Amino acid sequence: MSNIEQTLSIIKPDAMERSLDGEIKLMFEKDGFKIAKEKKIQLAKHEAEQFYKVHETKPFYNDLCEYLSSGPIMVMILEKENAVLSNRKLMGATNPKDAEEGTIRKKFGISIDKNSVHGSDSVDNAKIEINFFFKN
Ligand code: CMP
């Protein structure tokens, strides 16, 4: 039985700044993802705070929101069988130091903050995050 899902992906400022968006999108496509929608935007700090609200009690929350709003980002809806899990595998561990060979964060990530990509961590959060960026 097929289980086509959607997940939200963000190419973060560190990767956009290095013009890695084309290469990262190719990695998604080679892994079988369809990019259903995409847009390049820059968030205001208060929008980044809303997006990362689940992390609001964490010590890194302020820096994280400063960083996500520091430059342009590419937001995408990715579609594939088991897209949420599949994207998490392709991204690799949150900290690029721990990411496996062949993953996006291993290849391009600089640090735990500048880890090049974000991806939804569950199907429920994917719906919330997609709705945050792509309200029709
Ligand atoms: P992301 O998948 O976008 O979700 C939250 C982000 O917080 C995460 O990637 C990291 O870039 C960032 N972050 C910074 N410090 C930490 C930490 N100690 N643990 C987890 N995430 C962190």
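In which loop does Arg18 lie? Arg18 lies in the loop between helix H1 (13–17) and helix H2 (21–30), where helices (H or I, at least four residues) and strands (E, at least two) are DSSP runs numbered from the N terminus. This is a predicted model, in which local features need pLDDT of at least 70 and side-chain atom pairs count only at pLDDT 80 or more, while totals for chains, interfaces and linings use all residues. Residues are numbered from 1 along each chain as its sequence is written, and side-chain values use heavy atoms, with hydrogens and water left out.

**Around Arg18**
- Arg18 counts as partly exposed because its relative accessibility is 36%, given that buried means under 20% relative accessible area, exposed over 50% and partly exposed in between (1.4 Å probe, protein chains only).
- Leaving aside neighbours within four places in sequence, Arg18 is in contact (heavy atoms within 4.5 Å) with Phe108, Ile110 and Ser116.

**Helix H7**
- The buried residues of helix H7 (residues 123–133) are Ala126, Glu129, Ile130 and Phe133.
- These residues cover an arc of only 100° around the axis, which puts them on the same side of H7, the arc being that of the directions from the helix axis to the C-beta atoms.
- On the other side of H7, Asp124, Lys127 and Ile128 are exposed.

**The whole protein**
- The secondary structure comes to 7 helices and 4 strands, which follow the pattern β-α-α-β-α-α-β-α-α-β-α along the sequence.
- Of the 136 residues of the protein, 46% count as buried.
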